[in-house]
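Here is a short briefing on one protein chain. Keep the model in view and find each residue as it comes up.

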Amino acid sequence: DDSLMALAHQYHTLNNHVPLLAKVEPLPECETRSVFILGNGPSLDEHIDYIRANRDKVLLVSGGTTIRALQQYGITPDFHLEMERTKVTYTVLKSVADDAFLKSIPLLTLNTVTPDVLNLFDRSLMGLKLQEPSTEIILNSELGCDSDNLTQLVFANPTVSNLALSYFTRMGFKNIYLFGVDLGFAGDAHHSKKSIYYNQSGEDKLLFDKKKLSGFVSPGNHVEEVETTMIFQMSAKGMGELLDFYPDVKCYNLGNGIKIKNAIPTYPDDVVLADEVFDKAEFVDRMLAHYSADTQVLSKQYTAILEQDIFANFVDEMIALIKSPIATRYDALEQLHQQFKLLNSQYKTKYAFLVELLNGTLQHCHAALIKMLLLPADAEQGLVYYQQGIDIFVNYLEEAKVKYKRELFEVDQTDISDIWK
């Protein structure tokens, strides 16, 4: 479902001619300008006065739910970032209840995000996310897409702070400061008290189950250790590994959250910023012009590929491999192995996007089929269960072809807007 959604969203955003991140040399000014990446952690509230006092000297970058907190504080960031593909992101943004505020901010996002989100912003730029079928299609020249002028974002997930760091290191910035990128909890609070997770009185709306999610402990930044979640640990690890690729980047961590490798623990009093107010509007305009690759031709090429029967024809090949009769458990395992080999043989072909579409499905279904086959002590009974499972699997794959054709151009409509009010 995620992969199909990504294909559909990319179709709409390309046909709306949203630009993609271009493979270009960084603007020279990026090397000397400072960036504040603002996360929605509890320490954002502690540093808000410092952020406000220095906002004209730096680029302010917000991610995800941070936008609501900044709006409450009367601060407009110079860029906002989003990364989740479902419509939930749209409903969270709409809860800010200030359409003009959102439209005034340029959006940086991944190519998987729903077009409904991009429609909330007047200016947007998409980055190609690794291991997505839409990205595989665009970057595979054998399929007919012109993409030599495009670049991919690395270590861009699992949180929007990863995406922000990926974008701004890729664009050549060397001085990056993390505020509210806590990825852990040194106290009772789990997010900024001005964000959607708390009501106007500062009471927890219980949208984030800290007790249930924070079953991990990690070394802290400015504190000995913090409670954290598995996702936040992965996020911190990814940010540290991204910074390994950019040893000349000075990344400063001012939060009271998790320790991030290669990010220098720093206090506001130790920060030295260039004492220069610059024309940020003009600089942002030049950034967007410089880093944007036009997608008008690409949109036609991408659409033409989606309209082919590539997926259905390949699924038919997969089904054919498991329809032949079997006599032993070994035959059954070999059948599954041949199906697995067929899918993975596409990795280095022009149809590599099929692997991203079907790999998860195949692994889950094969795991279930192998259990049916091998768990019974009696081999004959195992074969009976296996064949019953194969019949279900074949029906599932047949339905997958129908679903693919039905939903290929559909935007996600998941609506949980009531939760965020």
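Phenylalanine 245 is exposed, because its relative accessible area is 59%, over the 50% cut-off. Start there, then work through the rest of the chain. Bear in mind that this is a predicted model.

**The tilted pair at phenylalanine 245**

- Phenylalanine 245 forms an aromatic pair with phenylalanine 155.
- Phenylalanine 245 belongs to helix 10 (residues 230-245). Phenylalanine 155 lies in the loop between strand 7 (152-153) and helix 8 (160-170).
- The peptide bond from asparagine 157 to proline 158 is cis, with omega near 20°.

**Other aromatic rings**

- A pair of aromatic rings is described by the distance of the centres and the angle of the planes.
- The structure holds 15 aromatic pairs.
- Phenylalanine 36 and tyrosine 50 make one of them: their ring centres are 6.2 Å apart. Their planes are at 20°, so the pair is stacked; the limit for stacking is under 30 degrees.
- Phenylalanine 36 sits in strand 2 (residues 34-38), and tyrosine 50 sits in helix 2 (residues 43-53). The two are 14 residues apart.
- Phenylalanine 36 is buried, because its relative accessibility is 0%.
- Tyrosine 50 has a relative accessible area of 19%, so tyrosine 50 is buried; the cut-off is under 20%.
- Ring pairs join Phe36 and Tyr50 to Tyr177, Phe179 and Tyr252 in a cluster.

**Charges over rings**

- Arginine 33 places its charged end over the ring of phenylalanine 278, 4.0 Å from the ring centre.
- Lysine 194 does this with tyrosine 73: its charged end sits over the ring, 5.8 Å from the centre.

**Nonpolar cores**

- In soluble globular proteins, nonpolar side chains tend to be buried together.
- The largest nonpolar core here has 58 residues. Ile137 and Tyr404 have the most contacts inside it.
- Helix 15 (residues 353-374) gives this core its largest share, eight residues.
- Which residues does tyrosine 404 touch, not counting residues up to four places away in sequence? They are Leu4, Leu7, Leu306, Phe311, Phe353 and Leu357.
- A second, separate core has 51 residues. Among them are Leu21, Val226, Met239 and Val249.

**A buried threonine**

- Threonine 89 is part of helix 4 (residues 88-94).
- Threonine 89 is buried, because its relative accessibility is 6%.
- Neighbours within four places in sequence aside, threonine 89 contacts Glu82, Glu84 and Val117.

**Positive phi values**

- Most residues other than glycine have a negative phi, and most peptide bonds are trans.
- Alanine 97 has a positive phi, near 60°. Alanine 97 is in the loop between helix 4 and helix 5 (99-103).
- Is alanine 97 buried or exposed? Alanine 97 is exposed, because its relative accessible area is 67%.
- Glutamine 131 also has a positive phi, near 60°. Its place is the loop between strand 6 (124-129) and helix 7 (133-139).
- Glutamine 131 counts as exposed, because its relative accessibility is 61%.

**The whole chain**

- How many helices and strands does the protein chain have? There are 16 helices and 13 strands.
- The C-alpha atoms fill a box of roughly 75 × 50 × 45 Å along the principal axes.
- The radius of gyration is 24 Å. A compact globule of 421 residues would have a value near 22 Å, so the two agree.
- Of the 421 residues, 54% are buried.
- Take the contacts with a separation of 6 or more: residues 24 or more positions apart account for 73% of them.
- The chain exposes about 19,000 Å². Carbon and sulfur atoms supply 51% of that area.

Notes:
Residues numbered from 1 in each chain as written. Predicted model: local features only at pLDDT ≥ 70, side-chain atom pairs only at ≥ 80, totals over all residues. Heavy atoms only, no water. Core = buried A, V, L, I, M, F, W, Y, C linked by side-chain atoms within 4.5 Å. Buried < 20%, exposed > 50% of the residue type's maximum accessible area, 1.4 Å probe, protein only. Helix = DSSP H or I, 4+ residues; strand = E, 2+ residues; numbered from the N terminus. Contact = heavy atoms within 4.5 Å. Phe/Tyr/Trp six-rings, centres within 6.5 Å; stacked < 30°, edge-to-face > 60°. Lys NZ or Arg CZ within 6 Å of the ring centre and 35° of its normal. Rg over C-alpha atoms; globule rule 2.2 N^0.38 Å. Areas by Shrake-Rupley, 256 points an atom, 1.4 Å probe, with all protein chains shown as cover.
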